[in-house]
Amino acid sequence: MRIIEVFTPRTVTMYRPTGPTELALVRDSGFRRWPPRLPGQSIFYPVTNEEYAKEIAKQWNVKENGVGYVTRFRVKQKFMKRYQVQQVGAAYHTEWWIPAEEVEELNDNIVGFIE
């Protein structure tokens, strides 16, 4: 009898407020990848909690686009260890700052789908 061990990598759950244009690009990727940053966007900043993501979506995405979405995705913990969580306001206003040139590597470390 042969025993096969299944390994599930440890992951970090992230949230990303987004507008319709970015969400369409995520949809085009099969809900697997984030698009490259636009010129002038030096970082990709997923946030650590849904409450903060909803707040950003309401205050920024709805204001700018008339609609806002909150996405959730998981990234391998081993990859995310290189980034520190940044607090940018209230105690729950926490996010990661991933340099634009590292978004493709982030995408390679997403586990499952962007929901």
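The paragraphs below go through salt bridges in this predicted model. Residues are numbered from 1 along each chain as its sequence is written, and side-chain values use heavy atoms, with hydrogens and water left out. Local features need pLDDT of at least 70 and side-chain atom pairs count only at pLDDT 80 or more, while totals for chains, interfaces and linings use all residues.

Side chains of opposite charge can pair when their charged atoms come close. A salt bridge here is a side-chain nitrogen of Lys or Arg within 4 Å of a carboxyl oxygen of Asp or Glu. By this rule the model has eight salt bridges.

One of them joins Glu22 and Arg37, with the closest N and O atoms 2.8 Å apart. Glu22 lies in helix 1 (residues 20-28) and Arg37 in the loop between helix 1 and strand 2 (43-44), so the pair ties together parts 15 residues apart in sequence. Helices (H or I, at least four residues) and strands (E, at least two) are DSSP runs, numbered from the N terminus. Both Glu22 and Arg37 are buried; buried means under 20% relative accessible area, exposed over 50%, and partly exposed in between (1.4 Å probe, protein chains only).

Asp108 forms a salt bridge with Arg33, and the closest N and O atoms are 2.8 Å apart. This pair links distant parts of the chain, 75 residues apart: Asp108 is in helix 4 (residues 103-108) and Arg33 in the loop between helix 1 and strand 2. Asp108 is exposed at 52% relative accessible area, whereas Arg33 is partly exposed at 27%.

A further salt bridge pairs Arg72 with Glu115, the closest N and O atoms being 2.6 Å apart.
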